[in-house]
Amino acid sequence: MAAGGFLGAGTVPDADAVTVHWPGEGRPDYTLRISASAVEIAPKRIVSAITYNGQFPGPLLRLQEGREVTVEIHNDTDAPEQLHWHGQKVSTDVDGAAEEGTPPIPAHGVRRITFTPRPAGLRFYHTHSRAGADLDRGQYSGQVGAVYIEAREEPGRHDREVFLMLKEFAGSFSQGGDMPQDFLSPPTKVRELEAAGESAMKASLAKGMPHGYEVGYRYFTINGRMLGHGEPVRVKKLERVLFHVVNGSATEIRSLALPGHTFRVVALDGNAVPKPAEVPVLWLGPGERISAIVEMKQPGVWVLGDLADDDRQHGMGMVVEYAGRKGKPVWTPPKPFRWSYQRFASQHAAAREPDETMEMTYTKQNAAEQGFNQWAINEQVFSSGSMAAAYHLQEGRRYRLRMRNSSDDVHPIHLHRHSFELTKLAGQATSGVIKDTVMIGGYQEAEVEFTADNPGLTLFHCHQQLHMDFGFMTLFDYA
Ligand SMILES: [Cu+2]
């Protein structure tokens, strides 16, 4: 495998540093080992988590588009595991979702898979196990790592790359939470969805139900280190740094700002956007990725951090230090700013009308399942006991998903093994932005379109672990 590019401050360790196997002779290209490990997130502050190769984040896998790789996955834990290749167009046998029929990596066992990485860009890998009420399982654990698939020709208008993995540790349950819900643009809500959602919530509370459980965290990290406790990103004036940001959180929406600087967003979920644009703040739901170039033109020592003061003060940030500059890292909050995918979209209308439109309404039943909110798509609560596909695809046809969110929560909606195009957000038509995970705002509508080009069972779910674990999931199959 090619050596993995710049390996400096703030970057995720490259897999080559930890892999003992090399291609050829039937040896895998990469070996990943799932095991319980100690992660030192700050000096003498150690959390225990299930990780890949004893480290957090897992090793950065740099793959080449179209060049087959073999990965051997060992599971040293007591429970079967699934390793999902998020954002890649792979087969169900490899994808890493029990619901699609991917064989598990058995407890204390091993599984070897071979696949052809595609499409190019920033992807990631993570566990796809259900956690339910167990905050040591699923993506609450440390099973997250970045994948970068190099295109045959990489555009090289930056000086270097820095990978950032955003992740919380030490979760606990609370009733009600403080998740940001009001940062998406356009803000237009659908009155009918709001009325239905609010009256369902009122009825539940009137019956004496408490609010459903949410998860809060004690520690916040970027690349496994709390703010101030990792190596700073060391930069030089006028350097152009390409940040590859992955929201590896199980449940949290994250924001990032760097005082005095702007982010030129060049790719969303690893896919180049039609219209790169500069923004002061990045927002990412669980599972989303952003690639953005920052031109370093404000010498100083800065905090690259989350807008939420409490989360940043508990670690969600990283120091950016210019050469020759010393002192306490500076944070200043950016001016109010709303996140809009359309900012990076094409000016042209969609090129092709879909062959079929599928309707979906998302509803929440407050605290309905042992104190957890229960989620439904068109009134169907997914459970792994009833796994028949609810939606049927025909290869080659193009589908529109019309999604209506009848809850006040923002949902990062994820489609496996396919990419989709954003075509309408909160009533506004858009085109050209290709993603695999999209946030739909509270009481909002969104439409995405995709071509059925990868036969086999295809999982679709909200990427918020509490939501997917308590019903917010469905399956597509191919006729
Ligand atoms: Cu959700």
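This is a predicted model: local features need pLDDT of at least 70, side-chain atom pairs count only at pLDDT 80 or more; totals for chains, interfaces and linings use all residues.

Me: Why is Asp95 called buried?

Reply: Buried means under 20% relative accessible area, exposed over 50%, partly exposed in between (1.4 Å probe, protein chains only). Asp95 has a relative accessible area of 0%, so it counts as buried.

Me: What makes a residue a contact of Asp95, leaving aside its neighbours within four places in sequence?

Reply: Contact means heavy atoms within 4.5 Å. Leaving aside neighbours within four places in sequence, Asp95 is in contact with residues including Trp85, Glu100, His416 and Arg417.

Me: Which residues are the protein donors of the copper ion, and what makes them donors?

Reply: Donors are N, O and S atoms within 2.8 Å of the metal (3.2 Å for Na, K and Ca); water is not among the atoms, so sites may look incomplete. Here the protein donors are His411 (ND1), Cys462 (SG) and His467 (ND1), and they lie 2.0 to 2.1 Å from the copper ion, so they meet the cut-off. Along the sequence their spacing reads H-x50-C-x4-H. His411 in strand S24 (residues 411-415) and Cys462 in strand S30 (residues 458-462) are 51 residues apart, a pair that links distant parts of the chain.

Me: How do you know whether His411 is buried or exposed?

Reply: Its relative accessible area is 0%, so His411 is buried.

Me: What makes polar contacts with the side chain of His411?

Reply: A polar contact is a pair of N or O atoms within 3.5 Å; within protein, one must be able to donate a hydrogen and the other to accept it, and residues adjacent in sequence count only if both atoms are side-chain atoms. The His411 side chain has such a contact with the side chain of Ser407 at 2.9 Å, and another with that of His467 at 3.0 Å.

Me: Why is Glu421 called buried?

Reply: Glu421, in strand S25 (residues 420-425), has a relative accessible area of 13%, so it goes down as buried. Its side chain has a polar contact of 2.9 Å with the side chain of Arg398 and reaches the backbone nitrogen of Gly432 at 2.8 Å.

Me: And what about Met403, buried or exposed?

Reply: Met403 lies in strand S23 (residues 398-405). Its relative accessibility is 0%, so Met403 counts as buried. Leaving aside neighbours within four places in sequence, its contacts include Ile440, Gln444, Glu445 and Ala446.

Me: Which residues line the largest cavity?

Reply: On a 1 Å grid over the protein atoms alone, a cavity is a set of points where a 1.4 Å probe fits but cannot get out, and lining residues have an atom within 4 Å of a point. Among those lining the largest cavity are Leu184, Tyr341, Leu425, Ile440, Gln444, Glu445 and Ala446. Strand S28 (437-440) and strand S29 (445-451) are the elements that give two or more residues to that lining.

Note on methods. Residues are numbered from 1 along each chain as its sequence is written. Side-chain values use heavy atoms; hydrogens and water are left out. Helices (H or I, at least four residues) and strands (E, at least two) are DSSP runs, numbered from the N terminus. On a 1 Å grid over the protein atoms alone, a cavity is a set of points where a 1.4 Å probe fits but cannot get out, and a pocket is an open set with protein on both sides within 12 Å along at least five of seven lines; lining residues have an atom within 4 Å of a point.
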